[in-house]
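Here are my notes on the structure you asked me to look through. Keep the viewer open and click on each residue as you read.

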Amino acid sequence: MNFRYRSAQTSVVFGAGTYLRAAELLAAYDRVFVIGTERSAQQLQKLQQSSPQTQFEYFLELIQHVPQVLVDRCAERLSQSGGQIILSIGGGSAIGLAKALALQSELPIIAIPTTYSGSEMTNIWGIRHHGQKTTGRNPIVQPKYVFYDPELSQTLPPAIAATSAMNAMAHLIEAIYAHDRNPITHELSLLGIQKLLEGMNKMVEAGILSAAANESLLFGAYLAGKALGEVSMALHHKAAHVLGGSFGLAHAKVHTVLQAYVLEYQWEGLPPEIRAAFVSAFDNEYPPNVLKNMTRKMGAPNNLEAIGFQKDDIPKAVERMLQKPYPNPVPLERKKLTLMLAKAFNGA
């Protein structure tokens, strides 16, 4: 109970149909710059109809891990459009591009997430350039408003919902053992884990992404994004950014595969009270097994080979994971990290 806590100034609206309330904010602007995909065309059309005096300029090209060349193209379009605010609708790639744009333009962002990525609740940005992903924190990229509408994530295919939810789970797990953890984020993260497990189990039982499962997952993802923005991440996120940014692997799939193996790497070095919190949250004496089994039950990829990683790249990946030291609950050792990735490659 000796801690510092800072909560970002983001207004959150959660509930079915609430994304249309974004039109009330957009009406105050002459020109809105929209980042999204054709998948959100219907929602964007409704927003535009609700803001008839506002001109919408669309940028509908997205690439994972936000390459610098895409940022440059998007920035040029923004300059030409005279956009006064950025509206981002979609998953982590859409929100990530909006943040990279805000980093240059300092324009405010309204985010409407359609997956469980959590990026919308953080001040973290990431840009890939020449095969390396650079990340940082800057309050200017934190969205001012976030509209969580379960109706928009309800259409996610179960396979994408599974990996996106596991991506959210990674934020919560690392928040529990973060070096700068606090009792507020800790309790919210435990609730987030509970909600994600609840949603995952409902999805497995029903065999589809039911409305009840989706609502639990989206709420858990909101808490996960909040945790990600309020405390530091460690080995898991470093490894995910290395494998994704340097080797072109799908971000959510990397999180899904790595989770059990990274928690296993950390397990013995965690303080007893942190291990006890995990045991309680997962209702199991060894939570890495729960993560591995849940991945299997949801039909999600459970080894690095299955998502396109090459075994020969393990040494290179380990070297990059050891660059730029960062706080982690246990020492980062080359031999142990190599073993961790080898096990994750084989799904062992």
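This is a predicted model: local features need pLDDT of at least 70, side-chain atom pairs count only at pLDDT 80 or more; totals for chains, interfaces and linings use all residues.

1. How are the rings of Trp-267 and Tyr-286 arranged? Their centres are 5.9 Å apart and the planes stand at 90°, an edge-to-face pair. If you're new to this, a pair of aromatic rings is described by the distance of the centres and the angle of the planes. Trp-267 sits in helix H10, while Tyr-286 belongs to the loop between helix H11 (272-282) and H12, so the pair ties together parts that are 19 residues apart in sequence.

2. Ring pairs join Tyr-177, Phe-278 and Phe-282 to Trp-267 and Tyr-286 in a cluster. Over the whole structure, the search turns up eleven aromatic pairs.

3. Now for the helix that carries Trp-267. Two packed helices are described by the angle between their axes and the distance between the axes. For H10 (residues 251-267) and H12 (residues 287-297), the axes come within 9 Å and cross at roughly 170°. Angles over 145 degrees count as roughly antiparallel, so that is the word for H10 and H12.

4. Which residues make the contact between H10 and H12? On the H10 side you'll find Thr-256, Gln-259, Ala-260, Tyr-261, Leu-263, Glu-264 and Trp-267. They meet Pro-287, Pro-288, Leu-291, Lys-292 and Thr-295 of H12. Sorted by class, the residues of this contact are seven nonpolar, three polar and two charged.

5. Ala-170, His-171 and Glu-174 from H6 meet Leu-235, His-236 and His-237 from H9. The contact of H6 with H9 is made up of two nonpolar, three polar and one charged residues.

6. Is His-186 buried or exposed? His-186 is buried, because its relative accessible area is 16%. Leu-188, at 25%, is partly exposed. Leaving out residues up to four places away in sequence, His-186 touches Ile-176, Ile-274 and Ala-277. With that same exclusion, Leu-188 touches Leu-223 and Lys-226. From Leu-188 to Lys-297 you count 109 residues in sequence and 26 Å in space, C-alpha to C-alpha.

7. Don't skip the backbone around His-65 and Val-66. Most residues other than glycine have a negative phi, and most peptide bonds are trans. His-65, though not a glycine, has a positive phi of about 70°. Val-66 isn't a glycine either, and its phi is positive at about 45°. You'll find His-65 in the loop between S3 and helix H3 (68-81), and Val-66 is in the loop between S3 and H3 too. His-65 is buried, with 7% relative accessible area, and Val-66 is buried at 5%.

8. Finally, which residues does Arg-128 touch? Not counting residues up to four places away in sequence, Arg-128 touches Ile-63, Gln-64, His-65, Val-66, Pro-67, Gln-68, Lys-133 and Gly-245, so both residues from point 9, His-65 and Val-66, are among them. Arg-128 is in strand S6 (residues 124-129) and is partly exposed, with a relative accessible area of 23%. Between Arg-128 and Ser-88 there are 40 residues in sequence and 19 Å in space, C-alpha to C-alpha.

Conventions
Residues are numbered from 1 along each chain as its sequence is written. Side-chain values use heavy atoms; hydrogens and water are left out. Axes are lines fitted to C-alpha atoms, for helices over the stretch in contact, and angles run from 0 to 180 degrees between N-to-C directions. Helices (H or I, at least four residues) and strands (E, at least two) are DSSP runs, numbered from the N terminus. Angles under 35 degrees count as roughly parallel, over 145 as roughly antiparallel, 65 to 115 as roughly perpendicular and the rest as oblique. Contact means heavy atoms within 4.5 Å. Ala, Val, Leu, Ile, Met, Phe, Trp, Tyr, Cys and Pro count as nonpolar, Asp, Glu, Lys and Arg as charged, and the others, Gly among them, as polar. Rings of Phe, Tyr and Trp (its six-membered ring) pair if their centres lie within 6.5 Å; planes under 30 degrees apart count as stacked, over 60 as edge-to-face and the rest as tilted. Buried means under 20% relative accessible area, exposed over 50%, partly exposed in between (1.4 Å probe, protein chains only).
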